[in-house]
Amino acid sequence: MRRWTPAAVAFAVVAAALLSTGTPLLDVLRYTAYAALAVVLPGTLVYRALRRTPHTLVEDLAMGAAVGLVLELAAWFAFVSAGAERWLWVWPAAVIAAFLAVPALRRHWVVRGYTPVPAGWAWAVTAVLAGFTAYLWDSFLRRNPILPTTEGQAQYIDLSFQMSIAGAAKHQAPLDVPQVAGEPLHYHWFGFAHMGAASLVSGVDLPTVFLRLAVPALCALAVVLVAVVGWRVSRRPYVGVGAAVLMFTIGEFGYENGIRQLFGTQATFIVWGSPSMTYSWVLLLPLIAVLVSIVRGSPSHGTWVLAGLFLAGSTGAKASSIPVAAGALGVTALVLFLTRRRLPWAVLAALGLAVVAQLFATAILFAFESHGVTVRPFSGLEPYTAGAASWVLAFVAFLLNMQLRLAGMVALVWKQRLRLAPEQVFLLGGAVVGPVLYLATAHPGSSNQYFVRAAFAFGVILSAWGWALVGARVAFGVGLAVLLCAVQLIAGPAKVVWDPPYDPLRPLLYWAFALALVFAILALVWRGRFGAVLLTGVLVAGAPGLVMDAAAAHRYPNGGAYAVTALPASRVEAARWVHDHSGPDDVVATNAHCQGVPEDGLCDARSFWLSAYTERSVLVEGWAFTPRMVGLPRGPYEPFWDPALLAANDAAFYTPTPGGLDALRARGVRWLVVDRDVQPESPDLAGLATLRFENTRMAVYALPAR
């Protein structure tokens, strides 16, 4: 039983983080049973049937969990589109029954011949997982209650929008925009469909799944997957550990105490601020492992099936995944052709699969919507530039901030004198293509950063591989990391003056210069092993990142450097009442469309709380994040595209008539939710609809049947 101790400790850490932040014990147990029996078990059985030879049990379980998530998507779509979402729990039972009934499949229940997992590897991965869970606990879990308890509650602005998609996924397939009933949602929504499916199968309330259970579970799976894939790809166990450390323990080299994030972040904040990114990693990482098998030239039939599954799941997990993977395959095919003078047919076939997957995503999932992404080179550097020299400084700062943890790639290329194995070319291609796509494109919300984040999964593996080849000193890295964190905590918040434009880069550049001096001194003192010491120091230079992001959460709750919005308990109380007393197909109307009070007649239409907490479609709530609006000149202040519909919606509250309410009923509206702080409803409404709920701020009316 000793070999299961690291896994037990890891589970205990995650469970403790959840229970200490108000997650009901029964919900933890239900979700655990769901994850084990409805995702990991069926996925592992299918993975064993498809992979050629066993490696380790932890690999089977981690890769199997990823397979289970893809299978869950297919099952979710089939059941929900047929109106049978209550029966979604049947799909894992069907898989399990098949592996019990079919003689050829029964052998996959018990597997022998596993490679033993080194105890040091298991405990190191557990330490990474525990450390990152502690970061999640401090920066996210304990700062976001499952349901708000005060009128002063604030929440990161995107979370309600994301939860509204998960709520829609409990009864819609394909999905509409929850805030505008009937508007198709052309978006990467697979991660939120997973959360909706998890709520349906486990029976756990969606806010608990979204704000407690799903993010720590996905992060834990991602930690194990990067460690497993790093081991499998490099054939060195501790390369996987190094990759996990670089991805989930070391933060950005920003040195701003979490107040701002310059060019964005890799894992800091984004794993809970955009959980679809984490979900995409748990499909992209196993895809990398499968594609490496193809690049090496030894794919089995099952390998191709796995490649197809992970590519299919990645299409709607995050729009950045397939372009980066396809780019990596393209670079590999070109390099192999130039060096071997023959076409690498297997790599080209994999590239063809990736292109097909991208075409499916572009045409079917995204309906050719650009979501505001345009080709505009170096747009991410523009805010920090005011002349030729500042462009150089901005580019150096970008590399330091976002790419410093990938310095091990340089060591690997140098160590091998440019003679890279095909799998190393593939990883290097993915690590480079992502930043190139980021630098070549623009997005009004800087969402082109996700290309860099997708590439990060490739880069950390290759960087850790280079670190292992150099034979770096762990003790020095740990000591330097502790010292840097201590200095940053003592130093306090960075004081930034926003003139000239490149001023925000100064803390980062100053620290880079200071550390360069330190390493220059060490080069004189520690000559024999300076290369290893230098690389270790560079890789851990961003160690304060997670610490300072959590510290920033103390000063800027629930968003760090990012926008938060009010989430009063009275609003959520009314929304939850509607959830408990309405049907999944009921449409809700509201008079609350704007975040805050409109200024100069301009409405910031980023209001998503009602659709999130009712789990119902709203006739017109906030429209700023609908695909047709993203990227327009006035951003969230763009007016609604159908003013007649908006006028009819608002008239139901302020100048109601029987005919006007009948017109809303014809659109499926059954409930009117009034925020009296926005504007009180007309006294006439009480004679035309039934008041069913009210509190100090809100009122809910039911429209009469006709």
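**Entry 1: F269.** I checked F269 first, and it is buried because its relative accessible area is 2%; buried means under 20% relative accessible area, exposed over 50%, and partly exposed in between, with a 1.4 Å probe and protein chains only. F269 sits in the loop between α10 (237-248) and α11 (270-273). Its phi is near 65°, a positive value in a residue other than glycine. For the labels, helices (H or I, at least four residues) and strands (E, at least two) are DSSP runs, numbered from the N terminus.

**Ground rules.** I'm working on a predicted model, where local features need pLDDT of at least 70 and side-chain atom pairs count only at pLDDT 80 or more, while totals for chains, interfaces and linings use all residues. Residues are numbered from 1 along each chain as its sequence is written, and side-chain values use heavy atoms, with hydrogens and water left out.

**Entry 2: L418.** Is L418 buried or exposed? I find L418 exposed, since its relative accessible area is 69%. Phi of L418 is near 70°, again positive in a residue other than glycine. This residue lies in the loop between α17 (408-415) and α18 (422-440).

**Entry 3: a cis peptide.** I looked up the bond joining A173 and P174, and it is cis, with omega about -5°. P174 belongs to the loop between α7 (157-168) and α8 (190-202).

**Entry 4: the sheet.** What is the strand order in the open sheet of 5 strands? I read it as β6-β5-β7-β9-β8, with mixed pairing. The edge strands are β6 (617-618) and β8, each pairing on one side only; two strands pair if DSSP finds at least two bridges between them. At the β8 end, strand β8 (residues 690-694) runs antiparallel to strand β9 (residues 698-702), and 4 bridges join them. The two form a hairpin with 3 residues between them.

**Entry 5: V588.** This residue is in strand β5 (residues 587-590). V588 counts as buried because its relative accessibility is 0%. Which residues does V588 touch, leaving out those up to four places away in sequence? I list V578, L610, R616, S617, V618, L619, W671 and V673, where contact means heavy atoms within 4.5 Å.

**Entry 6: whole chain.** I count 28 helices and 9 strands in the protein chain. With 706 residues, a compact globule would have a radius of gyration near 27 Å, and the chain's 26 Å agrees; the radius is taken over C-alpha atoms, and the globule rule is 2.2 Å times the number of residues to the power 0.38. The C-alpha trace spans about 85 × 70 × 50 Å along its principal axes. Of the 706 residues, 57% count as buried. Among contacts with a separation of 6 or more, 78% involve residues 24 or more positions apart. The accessible surface comes to about 27500 Å², with 66% of it belonging to carbon and sulfur atoms; the method is Shrake-Rupley with a 1.4 Å probe.
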